[in-house]
Amino acid sequence: MAQDFPQPPTSPSPAPGKLSFRAKLAFGAGDMGAGMTSNLIAFSFLIFLTSAAGLDPLIAGTVLLIGKVWDAVNDPMVGYLSDRIHTRWGRRYPWMFLGALPFGLTFFLMWLVPDLGQTGKFWYYVLTSVLFQVFFTVVNLPYTTLTAELSQDYDERTELTAFRLASSLVGAIGALALGLVVTQFIAVEQQQYLALGGLCAVLSVLPIFWCIFGTYPFAKRQLQANPVLIEDPSTRIPFLAQLKIVFSNRAFLVIVGIYMFSWLALQATASIIPFYVTFWMGIDSYFLPALLVQGTAIPMMFVVNLISKRVGKQGAFYIGIGSWLIVQMGLFFLQPGQTAALYLLCMAASFGVATAYVVPWAMLPDVIELDELQTGQRREGIFYAFMTLLQKFGLALGLFLVGAALEGSGFVSEAVQQPDSALTAIRLFMGPLPMLMLIASMIIIRFYPITRHVHEEMLLKLAERRKQSAQ
């Protein structure tokens, strides 16, 4: 990694460990582009590939499968390297700085429709998806690890996570709002997606630079107050041995489980919503229902944060996911023409969506402290990478199954009316199947061992160890 990045400007700020509102806002902005691009892919890429690009559902699902699997594979590599490569800007910021522009460009290329047959289009979308996922990881994985490096406070980390994921949702609903506007002014479907992809590509890059220059002075002060020791190469634990340590951490495996199942439910629902709204409910545009879900989820994130402070992270998860189960049941029984009920259920789902966003990511920094207490090393990149790796393998399989189910149910690409068998499959993916995933996540979180009291004891032990090491 290059060593000659220009030194960013610094300005007076609070003492180490205390982040200003401006710093939290800048930190949150770093996830805006990820939210914008991920959300447009989650809601629109499958139906874009089938209706605009003309791919069969199984082929479209395979494109999503390959892209997500590769996304999962490259996460550990970037996480491992970002833990090991040190520059004058630290371990994380150079990755974000260099990856920002390619991140936007490769996203735009995904929304072109080349003049090729099924096979040619398949390989084009596989290539562009893989390239985009590479640069998404180069930017987003080092960014997410900053949560653990900017603060060591139990509640402030939850607050930082709320800022980050609220900004992610701002980007997410921004993409949907742009989609709603674009469809009003552009009639041709392919041109709609091309314009939307171009706008989101530009708007996803700019907040990354805001995050870099807005948080670096605070990260530098934290590093000076709590230096992360650069290991002697002769004492480093081999990569495979580190994996063994990661997967022997029971608290980490619990977080991976709840995140994988809750997000699999979310992503499966997101990918089927355009089909559900268009072909079952008979509504022309699917952007408004999607916008209601995620737009309302932004204030709900701060509600989840407040509930977490009162009843703990596990308690907040039970409340949020339990309410979401009821919504999914209602969506399954909803009938065509009940548009008002659809919009109300979409708004009600936002509390559960906000919970799935906030709680698992707020738990992860606590696990990093537990690992440091057990091993004497900090490996933020490895833990963040493998959390997303396992989650993305699950998502890859889930999204492929959506495409395969549509194909097997007799779904017809580019058709206005769908057979009853296809409508039944769409409703199953809108109701009962996500409910099973959410129930699984609620069972798994019962085994999470780090309460507020346990975390406070961990920090005291770590502080004592660092004090002894400094003497």
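Predicted model: local features only at pLDDT ≥ 70, side-chain atom pairs only at ≥ 80, totals over all residues.
## Salt bridges

The model contains 2 salt bridges. One is formed by Arg164 and Asp31, whose closest N and O atoms lie 3.3 Å apart. This pair joins distant parts of the chain: Arg164 belongs to helix 6 (residues 154-185), while Asp31 sits in the loop between helix 1 (21-29) and helix 2 (32-52), 133 residues apart. Both Arg164 and Asp31 are buried.

Lys313 and Asp366 also form a salt bridge, with 2.8 Å between the closest N and O atoms. Here too the partners come from distant parts of the chain, 53 residues apart, with Lys313 in helix 10 (residues 287-333) and Asp366 in helix 12 (residues 350-375). Lys313 counts as buried because its relative accessibility is 4%, under the 20% cut-off. Asp366 is buried as well, with a relative accessible area of 0%.

## The two sides of helix 11

Helix 11 (residues 339-348) has three named buried residues: Leu342, Leu345 and Cys346. They lie on the same side of helix 11, because the arc they cover around the axis is only 105°. The face turned away from this buried side carries Ala340 and Leu344, which are exposed.

## Packing of helix 11

The buried residues of helix 11 pack against helix 9 (250-280), helix 10 and helix 12.

Methods
Residues numbered from 1 in each chain as written. Heavy atoms only, no water. Salt bridge = Lys/Arg side-chain N within 4 Å of Asp/Glu carboxyl O. Helix = DSSP H or I, 4+ residues; strand = E, 2+ residues; numbered from the N terminus. Buried < 20%, exposed > 50% of the residue type's maximum accessible area, 1.4 Å probe, protein only. Arc of directions from axis to C-beta. Contact = heavy atoms within 4.5 Å.
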